[in-house]
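Please look over the sequence and the structure shown below.

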Amino acid sequence: MCAFLRGFALRGWLCGPQAQCPSPVRHSSGGPSWTQERTLVAVKPDGVQRRLVGDVIRRFERRGFKLVGMKMLQPPESILAEHYHDLRRKPFYPALIGYMSSGPVVAMVWEGHNVVHTSRVMIGDTDAAKAAPGTIRGDFSIHISRNVIHASDSVEGAQREIGLWFRSCELVDWPDRGPQSGVSPA
């Protein structure tokens, strides 16, 4: 098993239901000193089914954002009910919960300068008919109810959603030594 997968297996063992999560470690990348935000991005069941996960990851990586957490799961209704709490009185709420629990979701946490706002611009309008070409939804979405992706809409919302979908031990702080970090590779 490659070292990358062994790391995930070890974290899974450490972060099992009975285990305490180790304290996160903050690494200094030596890069720019501006504030780094984190956001939740989730490829919805239609995006996973259409095999668009790699395209989504590629766009975020090319933008210079750092992936600090990722998992594939079929979300339980309890997570979805809390995630979509603000929409519970909308007529489409039952269909939304049914759709989101109908297949696997790939949940990710991305980190970077102004990542919350920038990711919303990258994904485009919720309505496929209004999403601009070049955005994820503009390029891949087929209908407002099958719009491929979710991204947090505010820094506060991102913090809440990340806490809902991820335990702290599932997020990895690692030094970014890539071309976007301002640090030359050794």
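Where does UniProt place the feature "active site"? The record, an unreviewed entry, puts it at His150. The model described here is predicted, and the annotation may be inferred rather than shown by experiment.

His150 is in strand 4, which covers residues 149-151. Is His150 buried or exposed? Its relative accessible area is 13%, and buried means under 20%, so His150 counts as buried. Apart from neighbours within four places in sequence, the residues in contact with His150 are Leu40, Val41, Ala42, Lys44, His83, Arg137 and Glu161. Strand 1 spans residues 37-43, and Leu40, Val41 and Ala42 are among the contacts of His150. Helix 4 spans 77-83, and His83 is also in contact with His150. Glu161 is one of the buried residues of helix 8.

The protein has 8 helices and 4 strands. From the N terminus on, the order of elements is α-β-α-α-β-α-α-β-α-α-β-α. Of the contacts between residues at least 6 apart in sequence, 79% join residues at least 24 apart. Buried residues account for 40% of the 186 residues. The accessible surface is about 10700 Å², and carbon and sulfur atoms contribute 55% of it.

How are the strands arranged? They make an open sheet of 4 strands in the order 2-3-1-4, with antiparallel pairing. Strand 2 and strand 4 are the edge strands, each pairing on one side only. From one strand to the next, the twist averages 15°.

Strand 3 is joined to two partners. Between strand 1 and strand 3 there are 7 bridges, and the two run antiparallel; here Leu40 stands opposite Val109. Leu40 is also among the residues in contact with His150. Strand 2, residues 66-73, is likewise antiparallel to strand 3 and is joined to it by 7 bridges. In this pairing, Lys66 has Glu111 as its bridge partner, and Leu67 stands opposite Trp110.

Which way do the residues of strand 3 point? In a regular strand the side chains alternate between the two faces of the sheet. In strand 3, Val105, Ala107, Val109 and Glu111 point one way, and Val106, Met108, Trp110 and Gly112 point the other way. Residues on both sides are buried. Because 8 of the 8 residues of strand 3 (residues 105-112) are buried, this strand is largely enclosed by the rest of the structure.

Part of the cover on the sheet can be followed through helix 8. What covers the buried residues of helix 8? The cover includes strand 1, strand 2, strand 3 and strand 4, together with helix 4 and helix 6 (115-123). The buried residues themselves are Gly157, Ala158, Glu161, Ile162 and Trp165. Seen down the helix axis, they fall within an arc of 130°, so they line one face of helix 8. On the face turned away from this buried side are the exposed residues Glu156, Gln159 and Gly163.

Arg51 has a phi of about 60° and is found in the loop between helix 2 (45-49) and helix 3 (53-62). Its relative accessibility is 69%, so Arg51 counts as exposed. Asn114 has a phi near 60° and lies in the loop between strand 3 and helix 6. At 30% relative accessibility, Asn114 counts as partly exposed.

With a relative accessible area of 59%, Gln49 is exposed. The C-alpha atoms of Gln49 and Pro104 are separated by 8.2 Å, although the two are 55 residues apart along the chain.

Note on methods:
Residues numbered from 1 in each chain as written. Predicted model: local features only at pLDDT ≥ 70, side-chain atom pairs only at ≥ 80, totals over all residues. Heavy atoms only, no water. Buried < 20%, exposed > 50% of the residue type's maximum accessible area, 1.4 Å probe, protein only. Contact = heavy atoms within 4.5 Å. Pairing = 2+ DSSP bridges. Axes fitted to C-alpha atoms, helices over the stretch in contact; angles between N-to-C directions. Areas by Shrake-Rupley, 256 points an atom, 1.4 Å probe, with all protein chains shown as cover. Arc of directions from axis to C-beta.
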